[in-house]
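Please open the model in your viewer and keep the selection tool at hand.

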Amino acid sequence: GFSPADANDLIETYNERFPRVKAFTEELIEEARQKSFTTTLAGRRRYFPEIHASNFSRRQAAERQAMNAPIQGTAADMIKIAMLNVHEYLKTSELKMLLQVHDELVFEAPLGSEAEAAPIKELMEQALPMDVPIEVDVKIGPNWNQMVPVD
């Protein structure tokens, strides 16, 4: 049970504590207003034709999407680049990439192939180099319910 007033207080406290995040999101919205699109760090564009809508609700929805798209889109770009790089590595490996779930890659690996986790971890962390460190957690197990971290 969070009331709208509680939610508003939480947002205000967050914005006071992290003013640069608030400024960043406001810049994203302003960029979308000026260009009608935003871009990911990899340069992919997402267009927002409703950013100038006369209807308040539609305009606000476009502003929220414009704020989110560069962040979520960059994460999507990062995992796609990582998958391409890992695909190249797998050509010389016994591992098989089974699927991608959001920002996770799932592999099938023979017993005793734990050492192959390190190069994959590095490929994923370096997929889209950034000023902040990108950390990848590696886990191994016979199924998702029994995964344990790999050091």
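The stops below cover helix contacts and nonpolar cores.

This is a predicted model, in which local features need pLDDT of at least 70 and side-chain atom pairs count only at pLDDT 80 or more, while totals for chains, interfaces and linings use all residues. Residues are numbered from 1 along each chain as its sequence is written, and side-chain values use heavy atoms, leaving out hydrogens and water.

**First stop.** Select helix H1 (residues 4-17) and helix H2 (residues 19-35), whose axes come within 5 Å and cross at roughly 100 degrees. Helices here are DSSP runs of H or I with at least four residues, numbered from the N terminus. Axes are lines fitted to C-alpha atoms over the stretch in contact, with angles from 0 to 180 degrees between N-to-C directions. H1 and H2 are therefore roughly perpendicular to each other, a term for angles of 65 to 115 degrees.

**Second stop.** Contact (heavy atoms within 4.5 Å) is made by residues including Phe 24 and Leu 28 of H2 and Met 67 and Ile 71 of H3.

**Third stop.** Select Val 86, Leu 90, Leu 105, Ile 120 and Met 124, which touch the most other members of the largest nonpolar core, a set of 14 residues. Such a core joins buried Ala, Val, Leu, Ile, Met, Phe, Trp, Tyr and Cys residues through side-chain atoms within 4.5 Å; buried means under 20% relative accessible area with a 1.4 Å probe, protein chains only. H3 gives the most to this core, with five residues.

Technical notes: Buried means under 20% relative accessible area, exposed over 50%, partly exposed in between (1.4 Å probe, protein chains only). Helices (H or I, at least four residues) and strands (E, at least two) are DSSP runs, numbered from the N terminus. Angles under 35 degrees count as roughly parallel, over 145 as roughly antiparallel, 65 to 115 as roughly perpendicular and the rest as oblique.
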